[in-house]
Amino acid sequence: MVVRVQPRQLAFALPHAESLTRDNFLEGPANEAALALVESWPDWPNRIMLLAGPEGSGKSHLAAIWAEQAGARSISAHALDAAAVPGALATGALVVEDLRPADFDERALFHLLNLAREDGAFVLITGRVPPAAFEIELRDLRSRLRAAPLVSLLPPDDLLFRGLIVKFCADRQLSIDETVVSYLATRIERSYAAARQAVELLDTEALRLGRPVTRALAAELLRSA
């Protein structure tokens, strides 16, 4: 007896380019203060500014918009070391991305903040939580970070949340209609990360199953998730 096995289509995790231009930034009450900060440069209240918000809330997008305006370089907080500080500040503006507790060189960051102050450079530091919540051993660094003005990104409202779902689909070149958007918006956690994860799941499974992205597919996937 010959058993025929239906071949299963594989879904390859290809990279998806996310547009980080000003024109593609979705505005809403959740991010208006952060966007105002970026657009008010160089008239900042302090040359060192902090931008905090949950995963997927637009920190990197805002940082990219500001970097384009200010000619800023960008470096991961995790990768920062003392030897890299002068070069990082060479253009007079720097983004320090994703500052996390106990995941950065305190002395290197303190050196960077001191040199930025001496040179009159601008620094935008992003992270998921404000540095005031960190355990920092260097007292002077702790004081310097707590003195820096903080702008926070808030959870998305309904309009922005729906817009995010559409944008994440567009970034993946997925064609969806309003029924899919409405279904997802009312059934997943209202967070940036949840919207991104739901769209990623839809894209991956639609490709694997060879099906279009529909409300029915979204319902199946969310029931089994």
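**Salt bridges in the predicted model**

Asp 158, Arg 162, Glu 178 and Arg 190 are joined in a network of salt bridges, a salt bridge being a side-chain nitrogen of Lys or Arg within 4 Å of a carboxyl oxygen of Asp or Glu. The structure is a predicted model, in which local features need pLDDT of at least 70 and side-chain atom pairs count only at pLDDT 80 or more, while totals for chains, interfaces and linings use all residues. Residues are numbered from 1 along each chain as its sequence is written, and side-chain values use heavy atoms, with hydrogens and water left out.

By the stated rule, the count comes to 10 salt bridges. One of the contacts is the salt bridge between Glu 178 and Arg 162, with 3.0 Å between the closest N and O atoms. Glu 178 belongs to helix 7 (residues 178–185) and Arg 162 to helix 6 (residues 158–171), so the pair ties together parts that lie 16 residues apart in sequence. Helices here are DSSP runs of H or I with at least four residues, numbered from the N terminus. Arg 162 has a relative accessible area of 21% and is partly exposed; this class lies between buried (under 20% relative accessible area) and exposed (over 50%), computed with a 1.4 Å probe on protein chains only.

A salt bridge also forms between Arg 172 and Asp 203, whose closest N and O atoms are 2.7 Å apart. This pair links distant parts of the chain, 31 residues apart: Arg 172 is in the loop between helix 6 and helix 7, and Asp 203 is in helix 8 (residues 192–209). Both Arg 172 and Asp 203 are buried.

In a further salt bridge, the side chains of Arg 22 and Glu 27 meet at 2.8 Å, N to O. Arg 22 is partly exposed at 28% relative accessibility, whereas Glu 27, at 52%, is exposed.

Terms used
Helix = DSSP H or I, 4+ residues; strand = E, 2+ residues; numbered from the N terminus.
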